[in-house]
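Student: I would like to learn how to read the features of a structural model. Can we go through one together?

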Amino acid sequence: MTNSALAKLKVVQHPRCGQTTEQVVSRVYELIKHEDLKRGDRLPPERELSKQLGISRPSLRAGLSSLISMGVLQSRQGAGTFIVDGPPALDSEPLRLLAELHGFSFDHMFETRSILEVGAAGLAAEHATGEQLATMSEQIADMFASLKDPQQFLVHDIAFHRAVAAASGNPTLATLVEMVSAILYQRRRDTIERAHDFNEALDLHRRIYRAIRARKPDEAREAMREHIVRAQRAFALEEQQVRPQKGT
């Protein structure tokens, strides 16, 4: 962070307890809006930032934690706190709790995936950079190498979908895909050991990638749509083995 940005962080301390969490969030947003803080910038150490803002360290921590949960900041062990560089990774826990409270089914979640990811695949075919295509290709290679390791295959499967969403060029869409995929990953990792053959899934991922690389949005959307339909069927079969229907 520059000295000018630090100067702008200074505030008049509240006569009672300083800034609230909401004010900390608002102050950081203001700096981002005016481009005093940019993607990838590191925030000053907690002690220094607390002094610059004129607030207690507990209040600062609460504000920074809120920004981390929003996906605006990222805490790196031993390195500090940074403005995120890339699509934000929002905490999926609130969505998971809503799913429990309101009975979101996994059919609903797959339907949501289809709406989001079919569109993302089409956009990726239009906007993907060479670096993003390379990331997708690497994930497919890792999926191939993990055909006998269900848990690792799932990790690279999810990473591929996130790479496609990031390549859409729409950070809002990429963030929503990130949230939904995080919830499905939590459940799928408990069932994927019951899957028997990943070759079909691998082939469908290759189709998606090739259509995106060839800049064919319609083919990319169709390949993604077919993949999600088949993934939903596979997940349903795995779920049946985890919780057999009554009377069977």
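Student: Where in the chain is confidence lowest, and where is it highest?

Tutor: pLDDT is the predictor's confidence in each residue, on a scale from 0 to 100. Confidence is lowest in helix H1 (residues 3-9), with a mean of 45, and highest in H10, at 96. Over residues 1-19 the pLDDT is below 50, and this stretch has 34 contacts in the model beyond near neighbours in sequence, a contact being heavy atoms within 4.5 Å. The chain has a mean pLDDT of 78, and 75% of its residues reach 70 or more.

Student: What rules apply to the numbers?

Tutor: This is a predicted model, in which local features need pLDDT of at least 70 and side-chain atom pairs count only at pLDDT 80 or more, while totals for chains, interfaces and linings use all residues. Residues are numbered from 1 along each chain as its sequence is written, and side-chain values use heavy atoms, with hydrogens and water left out.

Student: How many helices and strands does the chain have?

Tutor: Helices (H or I, at least four residues) and strands (E, at least two) are DSSP runs, numbered from the N terminus. The chain has 11 helices and two strands. Along the sequence the pattern is α-α-α-α-β-β-α-α-α-α-α-α-α. Of the contacts between residues at least 6 apart in sequence, 71% join residues at least 24 apart.

Student: How is a pair of packed helices described?

Tutor: Two packed helices are described by the angle between their axes and the distance between the axes. Axes are lines fitted to C-alpha atoms, for helices over the stretch in contact, and angles run from 0 to 180 degrees between N-to-C directions. Angles under 35 degrees count as roughly parallel, over 145 as roughly antiparallel, 65 to 115 as roughly perpendicular and the rest as oblique.

Student: At what angle do H8 and H9 pack?

Tutor: The angle between H8 and H9 is about 170°, and their axes are 9 Å apart. That makes H8 roughly antiparallel to H9. On the H8 side the contact includes Leu154, Val155 and Ile158; on the H9 side it includes Ala174, Val177 and Tyr185. For residue classes, Ala, Val, Leu, Ile, Met, Phe, Trp, Tyr, Cys and Pro count as nonpolar, Asp, Glu, Lys and Arg as charged, and the others, Gly among them, as polar. The contact of H8 with H9 divides into nine nonpolar, two polar and three charged residues.

Student: At what angle do H6 and H9 cross?

Tutor: The axes of H6 (residues 106-127) and H9 (residues 171-188) come within 10 Å and cross at roughly 140°. H6 and H9 are therefore oblique to each other. A crossing is left-handed if the near helix is turned anticlockwise from the far one by less than a right angle, and right-handed if clockwise. The crossing of H6 and H9 is left-handed. Residues of H6 including Phe106, Met109 and Leu116 meet residues of H9 including Leu173, Val180 and Ile183. By class, this contact has 12 nonpolar, one polar and three charged residues.

Student: And which way do H7 and H10 run relative to each other?

Tutor: The axes of H7 (residues 130-145) and H10 (residues 199-213) come within 10 Å and cross at roughly 165°. H7 and H10 are therefore roughly antiparallel to each other. H7 passes H10 in a left-handed crossing. Among the residues in contact are Leu133, Met136 and Ile140 of H7, and Leu202, Tyr209 and Ile212 of H10. The classes here are eight nonpolar, two polar and two charged residues.

Student: Is His156 buried or exposed?

Tutor: Buried means under 20% relative accessible area, exposed over 50%, and partly exposed in between (1.4 Å probe, protein chains only). His156, found in H8 (residues 150-167), counts as buried because its relative accessibility is 14%. Leaving aside residues up to four places away in sequence, His156 touches Gln139, Asp142, Met143 and Ser146. In the chain, buried residues make up 40% of the 248 residues.

Student: What is the phi of Arg215?

Tutor: Most residues other than glycine have a negative phi, and most peptide bonds are trans. Phi of Arg215 is near 60°, a positive value in a residue other than glycine. Arg215 lies in the loop between H10 and H11 and is partly exposed, with a relative accessible area of 39%.
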